[in-house]
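Okay, thanks everyone, I'll keep this short. Have a look at the screen while I walk you through this one.

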Amino acid sequence: MFKGLKAQYIAYLAIGLVLLLLGFAAGYVAGMSLFLLMPLILALGSVLFILVFRLSHKYGEHGLMKFLAKRNLPDHLKFRSRRLFTQLKQH
């Protein structure tokens with residue numbers, strides 16, 4: 001736990017900050033005005049912090065992985081015969 005962030009959210013925040021730094025460097029090298037670049041990077045950084053802290057508090061340490069895994073479960077299973085279930089009793 002680091003300042004309220006749990007588990008993988010620390011890595012998400014670190015990756016996001018590195019991407020913002022690279023975006024700032026690319027914009028600066030490309031010749032963008034600092035009066036445009038700084039507010040843009042600060043706004044994106046604020047959004048990144050808000051989203052990561054919100055995810056951390058909402059889902060906790062393993063909750064986001066469980067949420068994403070649950071979305072991949074099928075709604076129902078379809079069987080065309082009962083043979084699978086009748087053979088279970090024989091073993």
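So, which residues make up the largest nonpolar core? Keep in mind that this is a predicted model. The core has nine residues in all: L5, Y9, L13, L20, L37, I41, L48, V52 and L64. The largest share comes from α2, with four residues.

Next, how those helices sit against each other. The angle between α1 and α2 is about 170°, and their axes are 10 Å apart. Angles over 145 degrees count as roughly antiparallel, so that is what we call α1 relative to α2.

Who makes the contact? On the α1 side you have Y9, L13, G16, L17, L20, G23, F24, G27 and Y28. On the α2 side, the list includes L37, I41, L44, G45, L48 and V52. Sorted by class, this contact between α1 and α2 has 16 nonpolar residues, five polar ones and no charged ones.

Now let's zoom in on one residue, L20, which lies in helix α1. Is L20 buried or exposed? Its relative accessible area is 15%, and the cut-off for buried is under 20%, so L20 is buried. Leaving out residues up to four places away in sequence, L20 touches I41, L44, G45 and L48. Take G45: 25 residues separate it from L20 in sequence, yet C-alpha to C-alpha they are 7.2 Å apart.

How values were computed:
Residues numbered from 1 in each chain as written. Predicted model: local features only at pLDDT ≥ 70, side-chain atom pairs only at ≥ 80, totals over all residues. Heavy atoms only, no water. Core = buried A, V, L, I, M, F, W, Y, C linked by side-chain atoms within 4.5 Å. Buried < 20%, exposed > 50% of the residue type's maximum accessible area, 1.4 Å probe, protein only. Helix = DSSP H or I, 4+ residues; strand = E, 2+ residues; numbered from the N terminus. Axes fitted to C-alpha atoms, helices over the stretch in contact; angles between N-to-C directions. Parallel < 35°, antiparallel > 145°, perpendicular 65-115°, else oblique. Contact = heavy atoms within 4.5 Å. Nonpolar A, V, L, I, M, F, W, Y, C, P; charged D, E, K, R; others polar.
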